[in-house]
Amino acid sequence: MAGSPIKHERNRLVREAIIRALEKGGQSPEEALVPMAEKMIAQAQGGDVASFREIADRLDGKPSQQVDMTVTRGEPKELSEDELKRIAAGGGARAALPHSGAKIPPEIH
């Protein structure tokens, strides 16, 4: 599992605390959650959008977020052999430019 071990430990501690609190009444966590779920359903039926979203996320999973991105790259043929050698030697696109103060073409960004 990826991520911070500290975050996972904190999540485990919070989960265990919630389970202990739910078990205080002598019920299993599942039994203790039923009245809360019923209340959330009633709130969603009454028009509470946050409750509806929470129920939908639990039943269907959270919807994927679409990200539109345009990536423009310069073609290597646009660079001279000397510029390509400077880039290969550890410099970036800026190192490939002559020291004349020329600007980086937008397609290289």
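Mentor: Let us begin with a crossing: H2 passes H3 in a left-handed manner. Please keep in mind throughout that this is a predicted model.

Trainee: At what angle do H2 and helix H3 pack, and are they parallel or oblique to each other?

Mentor: The axes of H2 and helix H3, the latter covering residues 49-60, lie 7 Å apart, and the packing angle between the two is about 125°. Angles from 65 to 115 degrees count as roughly perpendicular and those over 145 as roughly antiparallel.

Trainee: Which residues make the contact of H2 with H3, and how many of them are nonpolar?

Mentor: From H2 the contact draws on Met40, Ile41, Gln43 and Ala44, while H3 contributes Ser51, Phe52, Glu54 and Ile55.

Trainee: Is Ser51 buried or exposed, and which residues does Ser51 touch?

Mentor: Ser51 has its place in helix H3. Its relative accessible area is 4%, and because buried means under 20%, Ser51 counts as buried. Leaving aside residues up to four places away in sequence, the residues that Ser51 touches are Met40, Gln43 and Ala44.

Trainee: How are helix H1 and helix H2 oriented where they pack?

Mentor: Helix H1 spans residues 5-23 and helix H2 spans residues 29-45, and their axes are 8 Å apart at an angle of about 80°. Since angles of 65 to 115 degrees fall in that class, H1 is roughly perpendicular to H2.

Trainee: Which residues form that contact, and how many are charged?

Mentor: On the H1 side the contact involves Ile19, Leu22 and Glu23, and on the H2 side Pro29, Ala32, Leu33 and Met36. The residues of the contact of H1 with H2 include 6 nonpolar and no polar ones, and the number charged is 1.

Trainee: What pattern does the chain follow, read along the sequence?

Mentor: The chain contains 5 helices and 0 strands. Read along the sequence, the pattern is α-α-α-α-α.

Trainee: What share of the residues counts as buried, and what share of the accessible surface belongs to carbon and sulfur atoms?

Mentor: The chain has 109 residues, of which 9% count as buried. Its accessible surface comes to about 9,600 Å², and the share of this belonging to carbon and sulfur atoms is 56%.

Definitions and conventions
Residues are numbered from 1 along each chain as its sequence is written. This is a predicted model: local features need pLDDT of at least 70, side-chain atom pairs count only at pLDDT 80 or more; totals for chains, interfaces and linings use all residues. Side-chain values use heavy atoms; hydrogens and water are left out. Axes are lines fitted to C-alpha atoms, for helices over the stretch in contact, and angles run from 0 to 180 degrees between N-to-C directions. Helices (H or I, at least four residues) and strands (E, at least two) are DSSP runs, numbered from the N terminus. Angles under 35 degrees count as roughly parallel, over 145 as roughly antiparallel, 65 to 115 as roughly perpendicular and the rest as oblique. Contact means heavy atoms within 4.5 Å. Ala, Val, Leu, Ile, Met, Phe, Trp, Tyr, Cys and Pro count as nonpolar, Asp, Glu, Lys and Arg as charged, and the others, Gly among them, as polar. Buried means under 20% relative accessible area, exposed over 50%, partly exposed in between (1.4 Å probe, protein chains only). Accessible areas come from the Shrake-Rupley method with a 1.4 Å probe; for residues, only the protein chains shown count as cover. A crossing is left-handed if the near helix is turned anticlockwise from the far one by less than a right angle, and right-handed if clockwise.
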